[in-house]
Amino acid sequence: ANASQRDADAGYARLRSWMRENGGRVNDRFGITEKDGIRGIQAFADIEEGSELLFCPWHLVIGSSSLQDQMKPGDGMCSVVDEMAKEIRLGVDSLWYPYLDHIGGQRLPADFISEVLLELQGLLTTQDATRHLRWFDQRCDGELDGTAKQSLVAFISRASEVGMIPIYDLFNHHNGKRSAKLTVTEEGVQLLVVGNGGISSGDEIYLSYGLKTASTMYRDYGFVEEWPIAW
């Protein structure tokens, strides 16, 4: 394994241990891999349909505290960005340090200068690329410093409908090959295997981020899907 793969393995092992130590469950039959510079989750053994891949208790979800108290649009989303920024500033003293340290560093078009956006040849306008920055400025009561921006980018590209779920957000997207789906319970959130036949050893395990246009996918997640693409 190269240095990048070794770092990914070590970070994921620490994150998986942290999840289990705090009441979560992680299936041993998958792990993080890297292919052509892209990290993803791969099955190391056959996993049957209906199997639990991940269970995250509510107290480890950033944004929701129970089945009855889930993240709400608007101000609730601002609160998640703010809470995550506070935890990032705490560093190793944060309960979520193994998680936040593992997912740090991603970039989205909102970080690009206008000259770079012009080179995207119409995939994104400068206004569309900065949409989330303008949303934060107009809706959220806080200063968008470097840490808050890091938190905002992580939220845009990784949040689920209930907020930030450790390990869940390591799974990549593929509408045509989705093999896992999130469910919500009284105790927390579960990621279950879906689809006929389960998952075969060696297969990458995918989520679906929903049907979105190419420009939206690139703006929010930093990539464009394989053909066919919704424009």
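S179 touches L192, V193, V194, I199, E204, I205 and Y206, leaving aside residues up to four places away in sequence; a contact here means heavy atoms within 4.5 Å. The model is a predicted one, in which local features need pLDDT of at least 70 and side-chain atom pairs count only at pLDDT 80 or more, while totals for chains, interfaces and linings use all residues. Residues are numbered from 1 along each chain as its sequence is written, and side-chain values use heavy atoms, with hydrogens and water left out. S179 sits in the loop between β5 and β6 (180–184). Helices (H or I, at least four residues) and strands (E, at least two) are DSSP runs, numbered from the N terminus. S179 counts as buried because its relative accessibility is 8%. Buried means under 20% relative accessible area, exposed over 50%, and partly exposed in between (1.4 Å probe, protein chains only).

With 13% relative accessibility, S51 counts as buried. Its contacts, not counting residues up to four places away in sequence, are R29, L191, L192 and V193. S51 and I199 are 148 residues apart in sequence, yet their C-alpha atoms are 9.8 Å apart in space. D46 touches R29, I199, S200 and S201, again not counting residues up to four places away in sequence.

S201 is placed in the loop between β7 (188–193) and β8 (206–207). It touches A43, F44, A45 and D46, not counting residues up to four places away in sequence. S201 and F44 are 157 residues apart in sequence and 5.1 Å apart in space, C-alpha to C-alpha. At 43% relative accessibility, S201 counts as partly exposed.

I167 is placed in the loop between α7 and β5 (172–173). I167 has a positive phi of about 75 degrees, although it is not a glycine. Most residues other than glycine have a negative phi. I167 counts as buried, because its relative accessibility is 0%.

Helix packing was examined next. Axes are lines fitted to C-alpha atoms, for helices over the stretch in contact, and angles run from 0 to 180 degrees between N-to-C directions. Angles under 35 degrees count as roughly parallel, over 145 as roughly antiparallel, 65 to 115 as roughly perpendicular and the rest as oblique. Helix α2 (residues 75–90) packs against helix α7 (residues 146–158) at an angle of about 125 degrees, and their axes are 8 Å apart. α2 is therefore oblique to α7. The crossing of α2 past α7 is right-handed. A crossing is left-handed if the near helix is turned anticlockwise from the far one by less than a right angle, and right-handed if clockwise. On the α2 side, M77, V80, V81, M84, A85, I88 and R89 make the contact; on the α7 side, T147, A148, Q150, S151, L152, A154 and F155 do. These residues divide into ten nonpolar, three polar and one charged. Ala, Val, Leu, Ile, Met, Phe, Trp, Tyr, Cys and Pro count as nonpolar, Asp, Glu, Lys and Arg as charged, and the others, Gly among them, as polar.

Helix α6 (residues 131–139) also packs with α7, at an angle of about 120 degrees and with axes 11 Å apart. The two helices are therefore oblique to each other. Their crossing is right-handed. H132, L133, W135 and F136 of α6 meet K149, L152 and I156 of α7. By class, the contact has five nonpolar, one polar and one charged residues.

D75, M77, C78 and V81 of α2 make the contact with W135, F136 and R139 of α6. Five of these residues are nonpolar, none polar and two charged.

Overall, the protein has eight helices and eight strands. Of its 231 residues, 43% count as buried. Among contacts with a separation of 6 or more, 67% join residues 24 or more positions apart. The protein exposes about 12000 Å², of which carbon and sulfur atoms supply 48%. Accessible areas come from the Shrake-Rupley method with a 1.4 Å probe; for residues, only the protein chains shown count as cover.
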